[in-house]
Amino acid sequence: MTDQKSVPRMHHYLPRFYLNGFSQKNKLTVIDFESDKTFVASPQNVAKVRDFYAFESITSAIVDYSVETELFQAIDSDAAGVITKINETCCIPTGHDWEALCWFIASLEVRVPRFRQIIYEFEQYKTDVEINSLFGTPESFDSFKKSYETGTGESLGVSYDEVKEIMESSGVLVQIDRNSYIEAMLKLMPSIYDIASKMTPHLLVVSQKAHFVTSDSPVVKYNNYANELGTGWLAPDIEVAIPLTYRCCLVLDRSGKPKILQAHDFGVANSTGIR
């Protein structure tokens, strides 16, 4: 268990060493699309949330920070040297270095806020479907009411019109606790590692003028055959782009033939264009 007094409370969902690879003189140009603002910041001061990976014990007041202080620190420590080597040599890693990089990629997929948003949207969708099946029509509501009152011996105490008004005004909003997000993250990360490690790596290296950029959702999946973003890891035609530094971008696919390519302005804008 981590010493509670010395534990870091601000957790970087994009590691500082990773952000350093896109900085100049320890400064990043940050574009906030929600506020439509652009500002300059150091890697230390962005992409972080207080207690983001803190796991709260159900049986005690102790908070477990080991996901941040042990798991991610170990993954980041191994990956930092590998990415530095890639940036310097422009070579695709092999062996232990490849394994370390794939664990880092898997962590980037699940440690960011977007992953939690996806989980929330999925759970909300399931809830909406279930609620609609129970209360969406007068017939389904009557069936539920009959089942409830028969099973409990109590009156439901609400009419279909009242339920419909509630659903139309506010609906039923899902609430997911932080522990559940962390459990999902830890469960999925090994599966992503296993998939990524078996894919074909390619390396795009920029010319002097063009620079790769990253985001708070740095693992970009693209299905070129279907011409759509956001496809899952198991899709046969999936291409996955992960900017590693301003100079290098790793692209994964299932072509079976690794390539190292020079990327000019268009290639940087379309980093999944391996042909």
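These notebook entries record what I looked up in a predicted model.

**Entry 1: backbone at N26.** I examined the phi angle of N26 and found it positive, at about 65°, although N26 is not a glycine. I noted this since most residues other than glycine have a negative phi. I then located N26 in the loop between α1 (16-20) and β2 (28-32).

**Entry 2: backbone at C90.** I looked up C90 next and read a positive phi of about 55° for this residue, which is not a glycine either. C90 sits in the loop between α2 (66-89) and α3 (95-110).

**Entry 3: a charged patch.** I asked which residues form the negative surface patch. I listed D161, E162, E165 and E168 as its members. For D161 I checked the position and found it in helix α6, residues 160-169. D161 has a relative accessible area of 57% and is therefore exposed, as the class requires over 50%.

**Entry 4: Q124 and its contacts.** I placed Q124 in helix α4, which covers residues 113-135. With a relative accessible area of 12%, Q124 is buried. Which residues does Q124 contact, leaving aside its neighbours within four places in sequence? I recorded V172, L173 and V174 as the residues in contact with Q124.

Definitions and conventions. Residues numbered from 1 in each chain as written. Predicted model: local features only at pLDDT ≥ 70, side-chain atom pairs only at ≥ 80, totals over all residues. Heavy atoms only, no water. Helix = DSSP H or I, 4+ residues; strand = E, 2+ residues; numbered from the N terminus. Patch = residues over 30% accessible without salt bridge, like charges linked within 9 Å, V, L, I, M, F, W, Y side chains within 5 Å. Areas by Shrake-Rupley, 256 points an atom, 1.4 Å probe, with all protein chains shown as cover. Salt bridge = Lys/Arg side-chain N within 4 Å of Asp/Glu carboxyl O. Lys, Arg positive; Asp, Glu negative; His and termini not counted. Charge placed at Lys NZ, Arg CZ, Asp CG, Glu CD. Buried < 20%, exposed > 50% of the residue type's maximum accessible area, 1.4 Å probe, protein only. Contact = heavy atoms within 4.5 Å.
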